[in-house]
Amino acid sequence: MIGEQPERPVREQRLVVMVSGNGSNLQAILDACADGRINGRVVAVVSNKADVFALQRADAAGVPAVHIGMRSGEDRPDYDARLTELVAGFDPDFIVLAGWMRILTMSFLGWFPGRVVNLHPAQPGELPGLRAIERAWDEAVAGTRTESGVMVHFVPDEGVDDGPLLATEAVPIDTTRSIEEFETAVHAIEHRLLVGVMANLCSRRFTDIDDLHRAVTLETAAPTPPLT
């Protein structure tokens with residue numbers, strides 16, 4: 001329409017990635033930010049563990065790598081209050097839990113409503129908590145499961161691996177192969193789904209949190225074919 005002003009491009013989004021281990025999903029995000037697939041920049045990597053490879057990945061990318069461990073006798077809300085102060089100092093638009101192995105309380109989540117995104121290697125409502133890949137494999141070997149999956153979701157509260165879904169995909173389990181091959185297949189889908197979700201979120205303009213949640217729709221991918 002004549003006289004209509006073009007919409008300004010969405011500014012580069014600031015991402016804080018929280019990790020507890022190797023950081024392969026962190027690397028996928030770093031690579032996608034570097035090559036322009038994600039309209040964002042990782043401004044900090046935060047770990048609750050000191051000796052993890054994820055922090056080395058951050059160093060190699062020139063990103064602040066911060067370890068914040070629990071103090072002796074410290075309870076979870078007090079730790080989360082310190083974590084909040086640290087993360088808020090980086091002024092993030094989104095916080096990505098990419099292998100973060102601690103349940104966050106409202107002492108943290110209450111400061112970042114609608115901005116915390118989690119990745120979990122299971123389908124919605126299944127296998128919450130630790131060792132989801134190994135537990136899925138054990139159930140498949142026992143004959144009670146034929147597939148697992150990956151999901152990406154918002155983290156609104158203290159529920160474990162539960163919240164408004166952003167993307168999910170099934171992963172078949174072939175027990176004639178090895179658990180290592182199954183794990184490799186899960187990680188490949190994790191990288192793809194997480195990068196896709198963050199590319200989507202960082203490309204949009206939101207006026208408030210409700211607007212963000214209304215705009216984001218669940219993306220369900222077709223099951224991945226078995227390895228051949």
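Predicted model: local features only at pLDDT ≥ 70, side-chain atom pairs only at ≥ 80, totals over all residues.
Val160 turns up in the loop between β6 (147-154) and β7 (165-172). Leaving aside residues up to four places away in sequence, Val160 touches Ile103, Pro128 and Gly129.

Turning to the interior, nonpolar side chains tend to be buried together in soluble globular proteins. Here the largest nonpolar core takes in 47 residues, and Ile29, Ile38 and Met198 touch the most other members. Helix α6 (residues 179-202) supplies the largest share of this core, with eleven residues. Another core, of 19 residues, lies apart from it, and includes Val16, Phe90, Ile95 and Leu97. As for Met198, its contacts are Leu15, Ile38, Phe94, Val96 and Val117, again not counting residues up to four places away in sequence.

Then there are the rings. The model has two aromatic pairs. One of them joins Phe108 and Phe112 in a tilted arrangement, with 4.9 Å from centre to centre and 50° between the planes. Phe108 and Phe112 are both buried. Charges sit over rings as well: Arg102 places its charged end over the ring of Tyr79, 4.9 Å from the ring's centre. Phe94, already met as a contact of Met198, has Arg115 over its face, at 5.4 Å from the ring centre.

Definitions and conventions:
Residues numbered from 1 in each chain as written. Heavy atoms only, no water. Phe/Tyr/Trp six-rings, centres within 6.5 Å; stacked < 30°, edge-to-face > 60°. Buried < 20%, exposed > 50% of the residue type's maximum accessible area, 1.4 Å probe, protein only. Lys NZ or Arg CZ within 6 Å of the ring centre and 35° of its normal. Core = buried A, V, L, I, M, F, W, Y, C linked by side-chain atoms within 4.5 Å. Helix = DSSP H or I, 4+ residues; strand = E, 2+ residues; numbered from the N terminus. Contact = heavy atoms within 4.5 Å.
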